[in-house]
Amino acid sequence: MASLKLSASMENFDAFMDFLKSQIEDEISEKKTLNDILIAGEEAIVNVLKYAYPDQNGELEVIIQSLTDQKGVSIELIDDGIPFNPLERLEPDINAPVEERPIGGLGIFMIKKMMDVLSYSRDNKQNRFKLIKYY
Amino acid sequence: MESLFNIKIENGTAKITLSGRLDTSNAGALSDELKTLIGQDIQKVVFFVNDLEYISSAGLRVIIFAKQKIGTDTRVYLVGANSTILDVVKMTGMDNFLFIQDTYQD
């Protein structure tokens, strides 16, 4: 298990992504799987960095674990920001004409498509969003 | 890995070469470049992506932006995408409005 906890600011975006990549790239040989995890991870991390703390500073902790019961990896994001359940976001209509497409909502949609199990909980004023991918 | 982009405009066609990564950290810079095309009577926007390895939703939004804002009659091409990029494009339904080609033909 490895974790990284830093201030939830866009300045730390690269640090979070480098951490995620360094933890999984030796483990996962299939390029598409690796890419799916990196994209889903990016979307989840950016959501916290941009939206979790609208009025104050706060931190994001990312915890990465190899699963033991089945080959896979879990990425958990923990923040103390405003309550936000990504699983309750409405899916964008990807068949809508391009002129009518909202520019947002794609990130969560991609997370749902690319990962195998998602869970969210709100405990002790913390958001915990966990993403699991099997490979 | 640095991502680089290069924009050339010839006869109403904007040719944009992307390489490396198009993600949250650099999509904004590309979006700013594309904004300069608004009102320039651009009929085609061609993204050459042979050397693009990674695209996240921030990158996809830039391509959607090209279609929505540069002009609704503007044709947007995606040329030379590898299978990873194509998977993401198809997953998000963007193949509905992009002209996807292996090599550029107008």
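Predicted model: local features only at pLDDT ≥ 70, side-chain atom pairs only at ≥ 80, totals over all residues.
Colleague: Which pattern does chain A follow when read along the sequence?

Modeller: Chain A has three helices and five strands. Taken in sequence order, these elements give the pattern β-α-α-β-β-α-β-β.

Colleague: How does the radius of gyration of chain A stand against the globule rule, and what is its value?

Modeller: Along its principal axes, the C-alpha trace of chain A spans about 40 × 35 × 25 Å. For 135 residues the globule rule gives 14 Å, and chain A comes close to this, so it is as compact as a globular protein of that length, with a radius of gyration of 15 Å.

Colleague: What share of the contacts in chain A between residues at least 6 apart in sequence joins residues at least 24 apart?

Modeller: Of the 135 residues of chain A, 49% count as buried, and the accessible surface of the chain comes to about 7,200 Å², of which 45% belongs to carbon and sulfur atoms. Among the contacts between residues at least 6 apart in sequence, the share that joins residues at least 24 apart is 61%.

Colleague: How many of the residues of strand S3 of chain A are buried?

Modeller: In a regular strand the side chains alternate between the two faces of the sheet. In S3(A), Gly72(A), Ser74(A), Glu76(A) and Ile78(A) point one way while Val73(A), Ile75(A), Leu77(A) and Asp79(A) point the other way, and all are buried. Strand S3 of chain A (residues 72-79) is therefore largely enclosed by the rest of the structure, the buried count being eight of the eight residues.

Colleague: Which residue is the bridge partner of Gly72(A) in S5(A)?

Modeller: S3(A) pairs in the antiparallel sense with strand S2 (residues 59-66) of chain A over seven bridges, and these two strands form a hairpin with five residues between them. S3(A) also pairs with S5(A), again in the antiparallel sense, over eight bridges. Within S5(A), the bridge partner of Gly72(A) is Tyr134(A).

Colleague: Where does Asn124(A) lie, and is it buried or exposed?

Modeller: Asn124(A) lies in the loop between strand S4 (117-123) and strand S5 (126-134) of chain A, two strands that pair in the antiparallel sense over seven bridges. In this hairpin, which has two residues between the strands, Asn124(A) takes a positive phi near 50°, although it is not a glycine. Its relative accessibility is 75%, and since the cut-off for this class is over 50%, Asn124(A) counts as exposed.

Colleague: Which elements do the buried residues of H3(A) pack against?

Modeller: Helix H3 (residues 106-114) of chain A is mostly covered, with seven of its nine residues buried; among them are Leu106(A), Phe109(A), Met110(A) and Met114(A). The buried residues of H3(A) pack against elements of both chains: helix H2 (31-51), S4 and S5 of chain A, together with helix H2 (57-69) and helix H3 (83-91) of chain B.

Colleague: How far apart in sequence are the parts that the pair of Phe48(B) and Tyr104(B) ties together?

Modeller: A search of the whole structure finds three aromatic pairs over all chains. One of them joins Phe48(B) and Tyr104(B) edge-to-face, at 5.8 Å centre to centre and 80° between the planes. Phe48(B) lies in strand S3 of chain B and Tyr104(B) in the segment after strand S5 (98-101) of chain B, so the parts tied together are 56 residues apart in sequence.

Colleague: Why does the pair of Tyr77(B) and Phe99(B) count as stacked, and which residues do ring pairs link into a cluster?

Modeller: The ring centres of Tyr77(B) and Phe99(B) are 5.1 Å apart and their planes stand at 25°, so the pair is stacked. Tyr77(B) counts as buried at 1% relative accessibility, whereas Phe99(B) is partly exposed at 33%. The cluster linked by ring pairs consists of Phe48(B), Tyr77(B), Phe99(B) and Tyr104(B).

Colleague: Is Asp41(B) buried or exposed?

Modeller: Asp41(B) lies in the loop between helix H1 (27-35) and strand S3 (44-55) of chain B, and it has a positive phi of about 60° although it is not a glycine. With a relative accessibility of 60%, Asp41(B) counts as exposed.

Terms used. Residues numbered from 1 in each chain as written. Chains lettered and ligands numbered in written order. Heavy atoms only, no water. Helix = DSSP H or I, 4+ residues; strand = E, 2+ residues; numbered from the N terminus. Buried < 20%, exposed > 50% of the residue type's maximum accessible area, 1.4 Å probe, protein only. Phe/Tyr/Trp six-rings, centres within 6.5 Å; stacked < 30°, edge-to-face > 60°. Rg over C-alpha atoms; globule rule 2.2 N^0.38 Å. Contact = heavy atoms within 4.5 Å. Areas by Shrake-Rupley, 256 points an atom, 1.4 Å probe, with all protein chains shown as cover. Pairing = 2+ DSSP bridges.
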